Amino acid sequence: MANNYASLNEAPDFYGEYGIPHHHVAEPRSSQWNHIEDLDSFFTRVYKYHQMHGFKCIALKEIFALHRFTFIAGITFTMLYAFDYKLLFKPDITSDQKWIFSLLIPFDQVMSILPYFGWFLLLVVTVIFTLIFIRKVQSLFRYWDIKQFYNQALNIDDADLDNLTWHDVQKRLIQVQSDLQMCIHKSDLTELDIYHRILRQINYLVALVNKRILPPRIDVPFLGEVVYWTENLRLNVMFLLFWSPWGPFENPWHLRDEYKRAANRDKMARKLGNQILWLFFVNLLLCPLVFIPQIIFYFFNYFDAVRREPGQFGVRYWSNFGQLYFRHFNEMDHELYSRLTRAYKPATKYMSSFTSPLLEIIAEHLSFICGSILAVFVCLSFVDNEILYWNQVLTMLAVLTGIIGIARSLRSDKTLIWCPEQLLEDVVLHTHYLPGVWQGFAHTSKVRSSFQQLFQYRFAALLEELLSPILVPYLLIRYIYPRRLDLVDFFRNFTVSVVGVGDVCSFAQMDVRKHGNPDWQAERDVESTHETPPEINDQYTQAEDGKVELSLMHFTNTNPNWQPPPEAADFVDNLNKETNHVFFSDDIGGLYGMRSSMDFGTRQEDEEDFSLPQYAADAPSQTAFRRSFGGFRSSILAGGAPRRSMFNQLAEGPDLFSSAQNMRASTMILHNRHAMNQSVRVVRSAEETTPLLSRR
C-alpha cells in the first residue's frame with residue numbers, strides 16, 4: 001500500500017490544552033488505589049462490576065461457569081466410558097433392570113478398562129479445569145478489590161448499583177481522581193479519558209471494520225460475498241494484535257516504538273506475518289480439540305430449544321459483524337445494545353418485507369404435509385399413548401415440529417405494506433449508519449443481501465460458529481496473512497499518543513478536521529478552523545459512512561458535560577442549531593430550502609406532514625422523520641413533558657429520552673447533508689479508499 005501520510009503519532013496532540021506531558025508526583029498515601037499501573041483493566045472491571053450487578057452476581061456467575069464446564073466434561077466422559085450400552089440394548093432386559101443408574105459402570109471398573117485415549121482426554125480436561133479454576137479465582141480476587149473500591153472510594157453499596165446508571169458511576173470516578181490520583185500523569189480525568197481506557201482495543205477494531213480491512217469476506221458459490229466474523233476468529237485477531245506478548249502492543253496502552261517508524265515497515269510486516277503463520281499452525285493442530293467440544297457444548301446448550309421452540313432458530317438477530325459496523329467510536333456495550341434493541345423491530349419488518357413467492361409456496365406445502373402427519377400421530381396417541389414410545393416416533397415428532405417451525409418463519413406477514421425505503425430508514429434512526437450506495441435502492445435484493453450480513457438468522461450464526469474451528473486456520477493464511485503490511489501501516493498511521501491515556505486509535509479522538517468527511521459536513525464546518533490551517537487529507541484518512549461525525553454527536557449527547565476541542569465544538573454547535581431548527585421551526589422545509597437549482601426535491605404541502613424534503617438521492621424518509629420527531633416537537637410546543645422510556649438498564653446517558661431524540665435528529669440531518677453533497681461530488685470507490693481491496 002502506498003504510504004503518503006505523516007505518521008499520526010508525530011502530529012500535535014489532539015488535546016493541545018494540556019501542553020507538554022507533565023507528571024504529577026502525588027504525596028505518599030496509604031490508599032491502595034493511588035497510581036494504578038494498569039488503568040485500562042481497572043476501569044474495565046469497574047464498568048463490568050456495574051453492568052453485572054455487583055460482587056454476588058459476578059461470583060455466582062463465575063462459579064456456575066466452572067460448574068458448567070465440569071458438568072459437560074463429566075457427562076461426556078460418562079457417556080463414552082462409564083455407560084453400559086450392552087445392557088441398554090439387551091433384548092431380554094427385565095423391568096427391574098430398567099433403571100438409568102443400573103446402566104452406569106462402577107468407577108473402579110471404568111478406570112481399570114480405560115483406554116489410552118481416555119487417559120489422554122482425562123489429562124486434557126484436568127489441565128483445562130485447573131487453568132480455568134486459577135483464572136476464576138484470580139478474577140474473584142480482582143472483583144473483590146473492585147467491590148472495596150465501590151464501597152470505600154465511590155461510596156456506593158452493591159444494593160444501590162441497580163439504582164445508578166453508568167454515567168452516575170463515571171461522574172464519581174472523575175471526582176475521586178483528585179483525591180486518589182489513580183492516574184498520576186493527569187490531575188483531572190475526562191469522560192473521554194475513561195472511554196479511551198475501557199474501549200482502546202474496541203476502537204481499533206471498529207476502525208479496522210470501518211476501513212474494510214476486517215472482517216474477512218469470502219466468495220461462496222451461489223451465495224456471493226459472505227462476511228465472516230465469528231467469536232473464534234475475533235479471539236484470534238485480538239490475540240494477534242493486542243494480547244500476544246510478541247504482538248504490536250508492548251502493553252495494553254503502548255504500541256511498540258518500532259511499529260511507529262516508517263523505516264521499519266517491511267521488517268514489522270515480516271514479524272507480524274511470522275506470528276500469523278504460528279497462529280495458523282496452532283489453530284490447525286487444535287482444530288479437533290476445539291471442534292468436538294464445541295459440538296458437545298452446542299448440543300447440550302440448544303437441545304431443549306430445538307425440542308421446544310425450533311422456530312426461534314429462524315429468528316434474526318444482530319450479527320457479530322453488524323455490532324461492530326454499527327458501533328460508534330467510544331461507545332459502551334450497554335449504549336450499543338440499547339440502540340440495537342430499539343432497531344430490532346424495524347429491522348425485522350424490513351427483512352420480512354422481502355418475500356419469495358416460490359419459497360412461500362414450498363414452505364406452505366411442507367407445513368401442510370408435516371402438520372398432517374403430526375395430526376395423525378396426535379390422534380393415534382389419544383387411542384393408545386404407547387405409540388409415542390415406539391421406535392423413532394419421538395424423533396419423527398421432533399423433526400416434523402422443527403420443519404413446521406422453520407416453514408412458518410419463511411411465510412410473509414400479510415399485514416405489512418411493502419415500503420422498503422421507509423422501513424430501512426426507520427432502522428437508520430436507531431442504528432445511525434447506512435452505506436451511501438444503499439440510498440434509493442432499499443427495495444433491491446442486493447441491498448437486502450448486504451443488510452442480511454448485519455442482521456442474520458440465528459441458525460446461520462450457529463452454523464458459522466460450528467464451522468469456525470475449521471475455517472479460522474484457512475482465513476488466517478488466506479485473508480489475514482496477505483494483509484500484514486496493511487495492518488502495520490494502519491497502526492502506524494492511525495495511532496496517536498494522548499497524555500494520561502497512552503496510545504489510542506486516532507479515529508477515536510473524533511477529530512472532524514483530521515478524519516472527518518466533507519460530504520458529511522456543511523461548508524461552515526469545513527471553514528471553521530479557529531485560525532489553524534485545514535489539514536490536507538485524502539479519503540484514506542477519512543472515516544467511512546460518517547463514522548467520526550456520528551460518533552462525535554453520539555458521545556456529546558450521552559456525555560453532555562464533556563468539553564470537546566474547539567473544532568469539534570464548532571461542528572457540534574452548528575449541527576445542534578440545525579436540530580433545534582427542526583424541532584421548533586414551523587417551516588421545516590426551510591432547513592434545506594424548498595427546491596434548489598440542483599433539483600434536490602420538493603416539499604409536500606400537507607400541513608400535517610411534519611417532514612424534511614425528500615431528495616432525488618432518496619435520503620431518509622419524511623414519514624420516518626415525522627414519526628420520530630413530530631411527537632417530541634408537539635409535546636415541547638404544548639408545554640408538556642415528554643414520556644420517558646422504561647429502559648433503565650439500557651439507558652445511554654443521563655437522559656435517555658432527550659439524548660436518543662437528539663441523536664436521531666442529528667442522524668437524519670447528517671444523512672440528508674451527505675445525500676446532497678454526494679450528488680455534486682465525485683465519490684471514489686471502496687477500492688480507491690482502501691487500496692488493499694484491489695488486491696483481493
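Mentor: We will go through some labels in turn, keeping in mind that this is a predicted model.

Trainee: Why is helix α2 called roughly antiparallel to helix α5?

Mentor: The axes of α2 (residues 55–81) and α5 (residues 116–153) cross at roughly 175 degrees and come within 9 Å. Angles over 145 degrees count as roughly antiparallel, and therefore α2 is described as roughly antiparallel to α5. The residues of the contact of α2 with α5 comprise 21 nonpolar, three polar and three charged ones.

Trainee: What makes Cys 287 and Cys 505 count as buried?

Mentor: Buried means under 20% relative accessible area; Cys 287 has 17% relative accessibility and so counts as buried, and Cys 505, at 1%, therefore counts as buried too. As for disulfides, the structure holds zero.

Trainee: How do you know that strands β7 and β8 pair, and how do they run?

Mentor: Two strands pair if there are at least two bridges between them, and four bridges join β7 (residues 495–498) to β8 (residues 502–505), the two running antiparallel. Val 496 stands opposite Val 504 in β8, and in the hairpin, with three residues between the strands, Gly 500 takes a positive phi near 80 degrees.

Trainee: What does the chain look like over residues 65–83 and over residues 113–134?

Mentor: The unreviewed UniProt entry annotates both ranges, among others, as "transmembrane region". In the model, residues 65–83 are 89% helix and 0% strand, with end C-alpha atoms 26 Å apart, while residues 113–134 are 91% helix and 0% strand, with end C-alpha atoms 31 Å apart.

Key:
Residues are numbered from 1 along each chain as its sequence is written. This is a predicted model: local features need pLDDT of at least 70, side-chain atom pairs count only at pLDDT 80 or more; totals for chains, interfaces and linings use all residues. Side-chain values use heavy atoms; hydrogens and water are left out. Axes are lines fitted to C-alpha atoms, for helices over the stretch in contact, and angles run from 0 to 180 degrees between N-to-C directions. Angles under 35 degrees count as roughly parallel, over 145 as roughly antiparallel, 65 to 115 as roughly perpendicular and the rest as oblique. Ala, Val, Leu, Ile, Met, Phe, Trp, Tyr, Cys and Pro count as nonpolar, Asp, Glu, Lys and Arg as charged, and the others, Gly among them, as polar. UniProt positions are given in the numbering used here, feature names are shortened, and annotations may be inferred rather than shown by experiment. A disulfide is a pair of cysteine sulfur atoms within 2.5 Å. Buried means under 20% relative accessible area, exposed over 50%, partly exposed in between (1.4 Å probe, protein chains only).
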